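Thank you all for coming; I would like to take a few minutes to walk through one model with you. Please have a look at the sequence and the structure first, and then we will go through some details together.

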Amino acid sequence: MAEHFEQIRVTLAQQGTDIEQVIAHIQTFSIETPSWGYGNSGTRFKVFPWPGAARDLREKLADAAQVQSVTGCCPTVALHIPWDQVDDWQEIKTYAEHLGLRLGAVNPNLFQDHAYRFGSLSHFDKGVRSQAIAHVLSCIEIAHSIDSNVVSLWLADGTNYPGQDDLRHRRHRLLDSLQAIYAALPDTMRLLIEYKFFEPAFYSTDLPDWGTSLLMAQKLGRNAEVLVDTGHHPQGTNIAQIVAQLLDEDRLGGFHFNDRKYADDDLIAGSLNPFELFCIFNEIIGAQHEGNANASRIAYMIDQSHNIEPKIEAMIQSVLHIQTAYAKALLVDHVALQQAQESGDVLGAYRVLQAAYETDVRPLLAEVRVRQGLDPDPIAAFRSSGYAEQVARERTLGESVSGYPGA
Ligand code: LRH
Ligand code: MN
C-alpha cells in the first residue's frame, strides 16, 4: 500500500499537484446518508424484510453511526417526514449527537397521503394545496428545531393521461404553493427542489427536469436551489453537463446519489456507472479551480433503497464508491486538460481524464483513513465488528416504520 501511495505522490508532484492538498480535500468531503436507507424497503412487488433492519429513527441513527465510525465522512443523516416523525426533537437531536451524528436535510412527504391522488402543491383543490403547504411548513419548523439548514422537496405531482389537467394551470398552482413555502423559509435555510422525469405519474410530472426546477428556484429567490437525483433522468442524459449548467447558474444545491440501469432503480451509487460519477465530480472540481463559489456549498447525499442486500454494508459500499470517484477527480491535471482542450487535442484531453480515472486511489483513501485513526478497509472493519449479527439477534421483526408501502 505505502509504495503505491508514494507512487501517487510522485505522479501528482510531476503535474504540480501537492498530494497533501488532495488529502485535505478528501478529509473535508462529507456524504449525508438517508435514514430511509436503513429500514426495510422494496418494490411494488415485494419488500423482503432484512433481519435486524432498523425499525425506527433511533435504530436508523445507530446504524448510520456505524457507517460514520468506519468511513469517517458521514456525520449527518437525512430525515423523511412523517417516516421519522418523533414527539421530542430535542431528545432525538441529543441522541444523535451522543452517537457522533448531526441531523441533516429534512424531506417532506407529499406523496403518501390519500389526499394527494391528483397531486399536492399542484392539486386543483385549494384545500389539498393548503394541507401540503402546511406539511412543508411543519418540516421547516422541524429543521429549525434540529439546527438543520436544508429542506429537500420532491413532488410526485403529475398526471397520467393527456387532458387530465391543464398543464399551465398546474404550473401556476405549483409556483403559488412554492412561493407560500419560500416566504416561510428562514434566511439561514435552503430549499432544494428535486426533479424526476416520471413515476409515479406516467403522462406529465410537474417537476420533470433540471430546467423546470431551475426556473422555479430563480422565481423563488436566492435560497432556492436544484437537487440532482442521479436516478431521475431519461436514459442517455448527460448529468455532468446538467451539473455544469447548474454550477454556472449558481443553483446547484445538492445531490441524491444512487445508480441505475433502467429507471429510478435506487441502486448503490457508482455500482453501474462509476465513470459518470467521476465526470460529475470533474465538473465540480473544475469549477472550484476557477473559483466557482457554488462548488463548495453542495449537499452531497445518498438516496437509495436496498431491497435484497445488507443495508448498512450497502451504505458503506456506496460511500466508498462516491469517495473513490471524488478522489480520482481530484487527480485531474487541469493545466494539461485546458491545454489539450484549447488546442483541439480531443483524445489528449480525454486521456488526461482517463489518467486520473484509472489511478488506483485505494492507497490514498486508506492513508486518509489511517490518518483519521480508522481501519484502512471500512467494509472489513464493519464485518469484523459483529454489529450486523448483534442487531439481527436483538431486533426482532416487530412493527417497523420504514414508510415504504408494505414494509
Ligand atoms: C423520489 C425520491 C425522493 C425521496 C424518495 C425516497 O424518487 O428520490 O428523493 O423522497 O425518493
Ligand atoms: Mn431522491
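This is a predicted model: local features need pLDDT of at least 70, side-chain atom pairs count only at pLDDT 80 or more; totals for chains, interfaces and linings use all residues.

Setting aside neighbours within four places in sequence, Asn282 is in contact with Ala329, Val332, His334 and Leu353. Helix α12, residues 346-357, contains Arg351, and this arginine is partly exposed at 47%.

Let me turn to the ligand. Which residues surround ligand 1? They are Trp36, His80, Trp154, Glu194, Lys196, Asp229, His232, His256, Asp264 and Asp303. Polar side-chain atoms of Glu194 and of Asp303 each come to 2.7 Å from an oxygen atom of ligand 1, while for His232 the corresponding distance is 3.1 Å. Of the 300 Å² that ligand 1 exposes when taken alone, the protein buries 93%.

Next, the charged pairs. How many salt bridges does a search of the whole structure find? The count is 23, and I will pick out a few of them. Arg9 and Glu6 form one, at 3.2 Å from N to O, and because they are three residues apart in helix α1, residues 2-14, about one helical turn separates them. Arg9 is partly exposed at 32%, and Glu6 is likewise partly exposed at 35%. Arg170 and Asp165 pair at 2.9 Å, and here both residues are buried. Asp166 and Arg168 meet at 4.0 Å, with Asp166 partly exposed at 26% and Arg168 exposed at 55%. There is also a network of salt bridges that links Arg190, Arg222, Glu225, Asp250 and Arg297.

Finally, the cysteines. The structure holds zero disulfides; for Cys73, the nearest cysteine sulfur is that of Cys74, at 4.0 Å, and a disulfide would need the two sulfur atoms within 2.5 Å. Cys73 is buried, with a relative accessible area of 4%, and Cys279 counts as buried as well, at 19%.

Note on methods: Residues are numbered from 1 along each chain as its sequence is written. Chains are lettered from A and ligands numbered from 1 in the order in which they are written. Side-chain values use heavy atoms; hydrogens and water are left out. Buried means under 20% relative accessible area, exposed over 50%, partly exposed in between (1.4 Å probe, protein chains only). Helices (H or I, at least four residues) and strands (E, at least two) are DSSP runs, numbered from the N terminus. Contact means heavy atoms within 4.5 Å. A residue is near a molecule or strand if one of its heavy atoms lies within 4 Å of it. A polar contact is a pair of N or O atoms within 3.5 Å; within protein, one must be able to donate a hydrogen and the other to accept it, and residues adjacent in sequence count only if both atoms are side-chain atoms. Accessible areas come from the Shrake-Rupley method with a 1.4 Å probe; for residues, only the protein chains shown count as cover. A salt bridge is a side-chain nitrogen of Lys or Arg within 4 Å of a carboxyl oxygen of Asp or Glu.
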